[in-house]
Amino acid sequence: MNGLMHLPILPVILPLIAGIVLLALRNAPLRLQRGVSLVATLALVPLAIALVQTASDGTQLVYQLGNWVAPYGIVLVVDRLAAWMLLTTSLLAVFALLYAIRGSDTEGRHFHVLFQLQLFGLNGAFLTGDLFNLFVFFEILLLASYGLLLHGGGRKRVKAGLHYVVINLVGSTLFLFAVGTLYGVTGTLNMADLAVKLAATPPDNLALVQSAGLLLFAVFALKAALLPLYLWLPAAYAHTSAPVAALFAIMTKVGAYSILRVYALMFGDDAGPVANLLDPWLAPLALATLTLGMLGAVAATALRQQVAYLVVASIGSLLLAFGLGTRDAIAAGLYYLPHSVFAAAALFLLADSIGRTRGEFTDRFESGPEMPGARVLGGLFFVAAAAIAGLPPLSGFLGKFMLLKAALDSPLLPWVWSVVLATGLAGMIALARSGSLLFYRTHSPHGPASLTPPTAVALAPVAGLLLLVAGLVIWAGPLSDYASATAAQLLQPQQYIEAVLGAAS
Amino acid sequence: MEALIALVIGVLTAGGVFLALRGQTFPVVLGLTLMSYAVNLFLFVMGRLAIGVPPVISAAAEGYTDPLPQALVLTAIVISFGMTAFVIVLALKARAEIGNDHVDGLQRDEDRNA
């Protein structure tokens with residue numbers, strides 16, 4: 001028990017310490033910095049696996065910081081959902097870092113420090129059980145993401161970064177307004193305690209609580225890039241460096257995670273007067289996001305931009321699943337989440353390799369020179385594209401199939417089926433078009449010798465991410481069982497509340 | 001006093017939103033700062049307004065004011081201070097990289113036509 005006791009805090013504290021150590025080592029040899037960063041990131045994987053194992057039998061580990069009992073102190077809570085998110089993040093981080101070590105970490109200073117602090121913020125946001133603490137971790141991960149986004153500099157990157165920073169600062173302000181209102185009404189910020197207090201909202205305060213709840217939704221929707229708040233994403237993701245874009249594939253999912261956590265816990269079926277606050281909003285907006293994201297992918301003029309729009313579309317599918325709100329739908333969403341993260345990250349990394357190989361044509365959709373090493377690149381592109389478009393036998397297909405099946409008894413059934421199937425087709429057409437443009441419609445260049453094929457080191461992280469996607473299919477049975485159990489746990493917030501507040505007595 | 005504080009927060013927020021929607025980076029930064037002032041004040045008064053009562057336990061106190069919003073607002077001030085510093089540096093960098101201070105990197109006459 002003693003060793004287990006401090007397990008929940010380790011994924012938060014480890015990247016923080018690694019970040020500080022790396023800051024102290026800023027003048028040390030690059031190999032040492034890379035080594036420290038890689039070891040710290042790799043160490044998160046077994047930690048996350050241990051947490052998944054602990055949480056898989058339904059245990060909800062509650063870690064009281066400084067032994068201050070909830071709701072007075074801040075708690076970290078590991079349940080199935082948090083462990084699942086941690087595992088996805090740590091696996092993604094390893095491959096993003098492996099790709100960065102290839103060279104893009106030297107474009108500017110302090111890449112590894114920012115990378116570790118980004119993981120610190122992400123892991124903290126997934127673990128915390130306190131709304132204000134969630135705000136603080138959001139700020140940490142955002143501040144690190146500002147640094148990472150701008151890493152390397154350049155005109156387009158700075159312009160996209162400025163928009164990203166300003167819109168997120170406005171988002172943070174709204175977050176504080178929402179948190180302040182909730183505190184003013186209920187007198188607590190602990191999520192479990194809030195759930196209890198909100199269920200007993202007196203009619204006088206109902207309008208206040210509802211507006212605070214919807215304001216929070218606006219903030220999370222902004223982070224998740226839900227329509228109409230997604231406009232910042234394509235430019236920001238398309239212009240940053242490839243490993244950062246790959247890591248950012250999880251960033252939008254933090255917004256989706258927060259929506260799921262907060263609205264399942266605090267505004268779920270049991271929440272009395274504020275129950276199901278989001279029902280009229282989430283699913284329709286998600287459908288619209290899916291449609292527009294896919295239209296953006298069809299209209300994109302470069303591969304990176306296309307993948308960024310596919311990230312928007314994947315957020316649409318994900319929040320559609322959460323918006324339907326049944327156990328099967330949420331389980332489908334949770335199964336789809338790591339798939340969309342890994343597939344999008346693989347495509348971002350691959351787009352960078354393709355862009356480098358094509359020389360001055362980069363990843364623009366123009367007929368370019370024949371690429372050296374096109375077979376390997378094309379093979380990887382085919383697998384990644386099939387995964388993200390949702391073709392069988394890969395995990396995107398399974399996720400979408402589970403989603404369609406879960407929608408069968410929903411009143412939105414015709415909308416869900418028509419939009420998901422039509423956007424699936426559009427995604428396939430868009431990716432087939434870009435693939436044939438990049439790989440087949442080539443002209444013989446003047447100096448093909450000047451182009452160098454991508455190195456195996458650059459392609460290994462892509463292959464690794466695609467193997468994870470394949471792993472999602474191979475172990476689809478146990479993983480979808482876990483997702484289903486997670487959904488069941490989320491739909492019974494009483495357990496979470498007892499675990500957090502019961503630990504006080 | 002409640003009405004006055006509410007008015008102050010409202011005016012700060014309105015000014016902040018107006019400035020944040022401007023085209024040049026400097027007014028945008030000022031707007032973000034005004035909004036963060038507004039939200040800090042808002043968080044602070046969420047513990048209710050009370051005059052002359054202590055936030056910590058003392059034998060002589062007749063009543064208490066809520067200490068938690070004061071701690072929250074301190075955190076929020078530190079964060080918004082750091083963010084403001086960052087966004088100012090970023091705006092300067094954007095000015096240097098893009099060559100003008102428009103948020104979309106447009107020249108002034110382009111902006112007028114658009």
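## Helix 17 of chain A

In this predicted model, the twelve residues of helix 17 of chain A should span 16 Å at 1.5 Å a residue, and the end C-alpha atoms of that helix are 16 Å apart, which agrees. The buried residues of helix 17 of chain A are Ser395(A), Gly396(A), Leu398(A), Gly399(A), Lys400(A), Met402(A), Leu403(A) and Ala406(A). They are covered by elements of chain A that include helix 14 (303–324), helix 15 (327–357), helix 16, helix 18 (413–439), helix 19 (456–474) and helix 20 (476–490).

The loop between helix 16 (374–389) and helix 17 (395–406) of chain A holds Pro393(A). The peptide bond that joins Pro392(A) to Pro393(A) is cis, with omega about 5°.

## Helix 3 of chain B

Buried positions in helix 3 of chain B are Pro69(B), Leu72(B), Val73(B), Ala76(B), Ile79(B), Ser80(B), Met83(B), Val87(B), Leu90(B), Ala91(B) and Ala94(B). These buried residues pack against helix 6 (131–149) and helix 7 of chain A, and also against helix 2 of chain B.

## Contact between chains A and B

Across the interface, 19 residues of chain A are in contact with 24 residues of chain B. On the chain B side, the elements that give two or more residues are helix 2 (25–45) and helix 3 (68–98). Helix 3 of chain B supplies the largest share of that side, 13 residues. By residue class, the side of chain B that touches chain A has 19 nonpolar, three polar and two charged residues.

## Helices 7 and 9 of chain A

Helix 7 (residues 155–186) and helix 9 (residues 206–224) of chain A pack with their axes 9 Å apart, at an angle of about 155°. These two helices of chain A, helix 7 and helix 9, are therefore roughly antiparallel to each other. Their crossing is left-handed.

From helix 7 of chain A, the contact takes Ile167(A), Gly171(A), Leu174(A), Phe175(A), Phe177(A), Ala178(A), Thr181(A), Leu182(A) and Val185(A). Helix 9 of chain A meets them with Leu208(A), Val209(A), Ala212(A), Leu215(A), Leu216(A), Ala218(A), Val219(A), Leu222(A) and Lys223(A). The residues of this contact divide into 15 nonpolar, two polar and one charged. Ser211(A) also belongs to helix 9 of chain A. Ser211(A) is partly exposed, since 13 other C-beta atoms lie within 10 Å. Between Ser211(A) and Ala178(A) the C-alpha to C-alpha distance is 8.0 Å, while 33 residues separate them in sequence.

## Helices 2 and 5 of chain A

Another helix pair in chain A is formed by helix 2 (residues 10–24) and helix 5 (residues 111–127), whose axes come within 8 Å and cross at roughly 165°. Helix 2 and helix 5 of chain A are therefore roughly antiparallel to each other, and the crossing is left-handed.

The residues of helix 2 of chain A in this contact are Pro11(A), Val12(A), Pro15(A), Leu16(A), Ala18(A), Gly19(A), Leu22(A) and Leu23(A). They meet His112(A), Val113(A), Gln116(A), Leu117(A), Leu119(A), Phe120(A), Asn123(A), Gly124(A) and Leu127(A) in helix 5 of chain A. By class, the contact comprises twelve nonpolar, five polar and no charged residues.

## Loop geometry in chain A

The loop between helix 9 and helix 10 of chain A contains Ala225(A). Phi of Ala225(A) is positive, near 65°, in a residue other than glycine. Ala225(A) counts as buried because it has 27 C-beta neighbours inside 10 Å. Pro228(A) is placed in the loop between helix 9 and helix 10 (232–239) of chain A, and a cis peptide bond with omega about -5° joins Leu227(A) to Pro228(A).

Asn276(A) is not a glycine either, yet its phi is positive, about 50°. Asn276(A) lies in the loop between helix 12 (251–265) and helix 13 (282–299) of chain A. With 13 other C-beta atoms within 10 Å, Asn276(A) is partly exposed.

Notes:
Residues are numbered from 1 along each chain as its sequence is written. Chains are lettered from A and ligands numbered from 1 in the order in which they are written. This is a predicted model: local features need pLDDT of at least 70, side-chain atom pairs count only at pLDDT 80 or more; totals for chains, interfaces and linings use all residues. Two residues are in contact if their C-beta atoms, placed from the backbone, lie within 7 Å. Helices (H or I, at least four residues) and strands (E, at least two) are DSSP runs, numbered from the N terminus. Ala, Val, Leu, Ile, Met, Phe, Trp, Tyr, Cys and Pro count as nonpolar, Asp, Glu, Lys and Arg as charged, and the others, Gly among them, as polar. Axes are lines fitted to C-alpha atoms, for helices over the stretch in contact, and angles run from 0 to 180 degrees between N-to-C directions. Angles under 35 degrees count as roughly parallel, over 145 as roughly antiparallel, 65 to 115 as roughly perpendicular and the rest as oblique. A crossing is left-handed if the near helix is turned anticlockwise from the far one by less than a right angle, and right-handed if clockwise. A residue is buried if 20 or more other C-beta atoms lie within 10 Å of its own, exposed if 12 or fewer, and partly exposed in between; C-beta atoms are placed from the backbone. The expected span of a helix is 1.5 Å times one less than its number of residues.
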